[in-house]
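Trainee: Could you walk me through this one? I'd like to ask questions as we look.

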Amino acid sequence: MTTLRVVHYLNQFFAGIGAEDKADTPPGRREGALGPGRLLQQTLGERGRVVATVYCGDNHVSENVEALGDIVDLIADARPDIVITGPAFSAGRYGVACGEIAARVRERLNVVAVTAMHPENAAAELYRTKVYVVATSKSAAGMADALAAVARMALKLASGERLGSPVDEGYLPTGRRVFENAPRTAGERAIDMLLRKLRGERYMTEWAVPRYARVTPAAPLRDPSKATIALITTGGLVPRGNPDRLESGYATKWLRYSIKGLDELTPDRWQSVHGGFDTTLINLDPHRVVPLDAARELEREGIIGRLFDELLVTTGNTSVIPDIRRFAREMTQELKAAGVEGVILTST
Amino acid sequence: MSALDALAKSIGSNRIVRGKAITSVVGDPTLSREDERRFRKRLVRKALEALQTPVEEPTVFV
């Protein structure tokens, strides 16, 4: 049996260089295992050897774009078969570095890369579709379990063995669909699950309903007749011809279009590029997705103080949650700075 | 404003006004042009009411 070459990436803290005061440490490499790498080595046993540890400070890697390339170079020089990054647990900067480095290594070196972090680490959502992310506890108390799962998965992948499901192996769902022949139909399995639930027995869902963070409701608007109100839509309404190439799904951006002095959105000048439903009715009358005509009327009647001069647009279709969360943050910042107090957002 | 008000509620939107349909959130193609505009205006006024209402959790304004 050949012993596989494993390279481990750690931040300055786990590499034993220092805490936050050493977060500016530039990339470096040591021979052999460091810190949690020693436990990783024990877990790998004879099948893998941690030949080198590459490390970098959390701030340095976040603030210097070229650091990532340097880190991947340092890893490549150690000629790995397997690259392990982290575990990062709940650490934000470390999580992003672990995800990004594992993704780059996999892409550039074409070797097995596995990382590990807590499922609620913001980086988990960013990288789980790009690399295998082992789900860990929130803190380093779960180090041994995390490394056991990481080592088992990395060795399986390196030997070309097929991985089991995320639940069985302990990694986060990657978004890939794997077809299987189920011995029983979905209906039978669902009834079985329901009966178990009714009997108070344990059952396992086949598709967990995602949970979303709660947002504290904003205080009520005192008086719309004195307020500036903005219109936003996720319905993909753009000037005809889609000059800014808004995506029909998986939107990577939001856009703004002037509606200053505009009373109506006419179908000869506006269209929806949303790819998730039949846009025929909207393309006949764009007001069916952005109520500009009605809002202008209410503005003239003094019921709305002033309509904001820009319409904010994106496409809400197969959206990637961290991306649309960013859109919301950016839109809110800009609208607040412009003195907008209320928003009417139409969603399809 | 969304026709999928239950979905909006489940993901945590706090002030939700139920729209007419996915393909026509703030319109109703079965109405005459004038009636459709009046219908839309009512929906926007409903949204303004929602903005003025204190809420503690995701709330649908019907």
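Mentor: Helices (H or I, at least four residues) and strands (E, at least two) are themselves DSSP runs, numbered from the N terminus. Residues are numbered from 1 along each chain as its sequence is written, while chains are lettered from A and ligands numbered from 1 in the order in which they are written. Keep in mind that this is a predicted model, where local features need pLDDT of at least 70, side-chain atom pairs count only at pLDDT 80 or more, and totals for chains, interfaces and linings use all residues.

Trainee: Which residue of β3(A) stands opposite A:Val7?
Mentor: Strand β1 (residues 4–11) of chain A pairs with strand β3 (residues 48–56) of chain A in the parallel sense, over eight bridges. One bridge in that pairing joins A:Leu10 to A:Tyr55. Opposite A:Val7 stands A:Ala52.

Trainee: And what is the bridge partner of A:Val6 in β4(A)?
Mentor: β1(A) also pairs with strand β4 (residues 82–85) of chain A, in the parallel sense and over four bridges. In β4(A), A:Val6 has as its bridge partner A:Ile82.

Trainee: Why is β1(A) largely enclosed by the rest of the structure?
Mentor: We call a residue buried if 20 or more other C-beta atoms lie within 10 Å of its own, exposed if 12 or fewer, and partly exposed in between, with C-beta atoms placed from the backbone. β1(A) is largely enclosed because, of its eight residues, the number buried is six.

Trainee: In what order do the six strands of the open sheet of chain A run?
Mentor: The pairing in this sheet is mixed. At the edges stand β2 (28–31) and β6 (132–135) of chain A, each with a single partner strand, so one side of each has no neighbour in the sheet. The twist from one strand to the next averages 25°, an angle between axes, which are lines fitted to C-alpha atoms (for helices over the stretch in contact), with angles running from 0 to 180 degrees between N-to-C directions. The order is β2-β3-β1-β4-β5-β6.

Trainee: Which residues of α3(A) are buried?
Mentor: Helix α3 covers residues 65–77 of chain A. On its other side, A:Glu66 and A:Asp77 are exposed. The buried residues are A:Ile71, A:Val72 and A:Ile75.

Trainee: Why do the buried residues of α3(A) line one face of the helix?
Mentor: Look down the axis and take the directions from the helix axis to the C-beta atoms, which is how the arc is defined. An α-helix has 3.6 residues a turn, so residues three or four places apart point the same way. The buried residues of α3(A) line one face because they fall within an arc of 95°.

Trainee: What do those buried residues of α3(A) pack against?
Mentor: Contact means that the C-beta atoms of two residues, placed from the backbone, lie within 7 Å. The helix lies across β1, β2, β3 and β4 of chain A, running at about 160° to β3(A). Its buried residues pack against β1, β3, β4 and α4 (92–109) of chain A.

Trainee: Which strands are at the edges of the open sheet of four strands?
Mentor: That sheet has the order β9-β11-β7-β12 (chain A), with mixed pairing. Inside it, strand β7 (residues 228–233) of chain A pairs with β12(A) in the parallel sense over five bridges, and A:Ala230 has A:Val343 as its bridge partner. The edge strands, each pairing on one side only, are β9 (255–258) and β12 (342–346) of chain A.

Trainee: Which element gives the most to the side of chain A that touches chain B?
Mentor: Here 27 residues of chain A are in contact with 26 residues of chain B. The elements of chain A giving two or more residues are α9 (280–284), α10 (292–300) and β12. The one that gives the most, with five residues, is α10(A).

Trainee: What average pLDDT does chain B have?
Mentor: Chain B has two helices and two strands, running α-β-α-β from the N terminus on. pLDDT is the predictor's confidence in each residue, from 0 to 100. In chain B, 100% of the residues score at least 70, and the average is 95.

Notes
Two strands pair if DSSP finds at least two bridges between them.
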